[in-house]
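Colleague: I'm just starting out with structures like this one. Please pick a single part and take me through it slowly, in plain words.

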Amino acid sequence: MRYINSGNGQMPLISLLAILSISLTVNLPGLAISPIEGKLHDVFPHVSDLQIQLLEVLPNVVVIPFILLAGKIATRSRQIGVLAAGLIIYAAAGIAYLFASSINQLIILGCILGIGCGLVIPLAASLISQYFEGESRVSALGKKSGLSNFMVIIGTVFVGWMAEFDWHYSFLIYLTPVIPLALVPFMTDRFISRNRKLDPTKTAVVNTAEKKASGILTPKRIFWLMAGLIGIYVAMTYGTMVVSYYIPFTMQHFNFNSGQVGIATAMYYLAAAVSGFLLPYIIKVMGKLTIQAAILIIAIGLYCVAIFHTDISYCISIFIFGFGYGIIQPVVYDKTTRVAPSPDASTRYFSYLLSGNYVGIAITPFVIDAMSKIFHAGSDPEFAYIFNGTFTVAILIWAIICRKSFVFNAADHTLPD
């Protein structure tokens, strides 16, 4: 059996791969709909645009309460059961999609899909937090973030390809949960505990740190730390989600075709994947100012989208702000792990953080629409990027002022005080 460093000893490589495989599923809800919207209008000619949009939006709305539910019920002894249940529901919805024959059936299945995915999402990060420490945990969380974003690219290509044969086949992407479901035996605490090799010295240090944390991290302190982490995560998610809501509109305004729009949009997820995989090296180079540098990169990318209007410039600009977001995402995950009072509580704290992420996604069009009315921007195709770029600069200024704080110091691997 092959082993890898876990930060406090060694653990089976197969267990890491099994845990990382959960990340293949977390960004997929709604993915099968966008490429086949035109075909769905042909198949169901009497349905409204709202009903088609619900197919994409509803899974991501239903996800939120079930993320919180998973955080509530997925204790250390129950987490694998919750994970398996979520994956089974998720995969069952994927199978049922293949036989759906009405728009209402598709909408109901979208809600069931959201239930299954919601139960799975927080465990993708919390299982890593429970078995990895220090730089090994940062590296594993970076891989988790990179893998989930890379899967969006693969999934989009797969969905578009399968739709050429039959629109039902696009939903085969929702059978991806079968992969982590088959690997569940390698994620159990019993398997990992029986096969990992702990370093007694490092384990003692970790236990001492946890005891210290229990005295320092009062409920009030934990609340404010989590509020800070959720705040930066929601802010940066909101700032970059213009890629989903506005890039298609902007590029079509400047006479780019849907193929060019698809390639440009894919750059966001490719960049987030690349920065996730490279995270340990990025932190070594940027050090304590990693978060500040990432926020600056996001702002530069957003302004570049507003200024330059060629197919190459769109790809580069979107890659730039996607790269910045891909740095922040796993760093925030790692800090959430250290705020959680104990490994057993990590799933609950990740559920708070990841619910915030979906809130950030959901509020993006409403905030920008409201701001465009306030500033009389109308349908200006550049407004969303200028406004969000300026908003990101404001966050950057705050991050520089608070650069020594736990939330904004990426190189601080100690417990917050």
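Modeller: Let's start with a rule: two strands pair if DSSP finds at least two bridges between them. Strands are DSSP runs of E with at least two residues, while helices are runs of H or I with at least four, and both are numbered from the N terminus. Keep in mind that this is a predicted model, where local features need pLDDT of at least 70 and side-chain atom pairs count only at pLDDT 80 or more, though totals for chains, interfaces and linings use all residues. Residues are numbered from 1 along each chain as its sequence is written, and side-chain values use heavy atoms, with hydrogens and water left out.

Now the sheet. It's an open one made of three strands, running β1-β2-β3 with antiparallel pairing. Because β1 (3-5) and β3 (197-198) sit at the edges with a single partner strand each, one side of each has no neighbour in the sheet. Take β2, residues 9-12: two bridges join it to β3 in the antiparallel sense.

Next, look at helix α1, residues 13-21. Its buried residues (under 20% relative accessible area with a 1.4 Å probe, counting protein chains only; over 50% would be exposed, and in between partly exposed) are Ser15, Leu16, Ala18, Ile19, Leu20 and Ser21.
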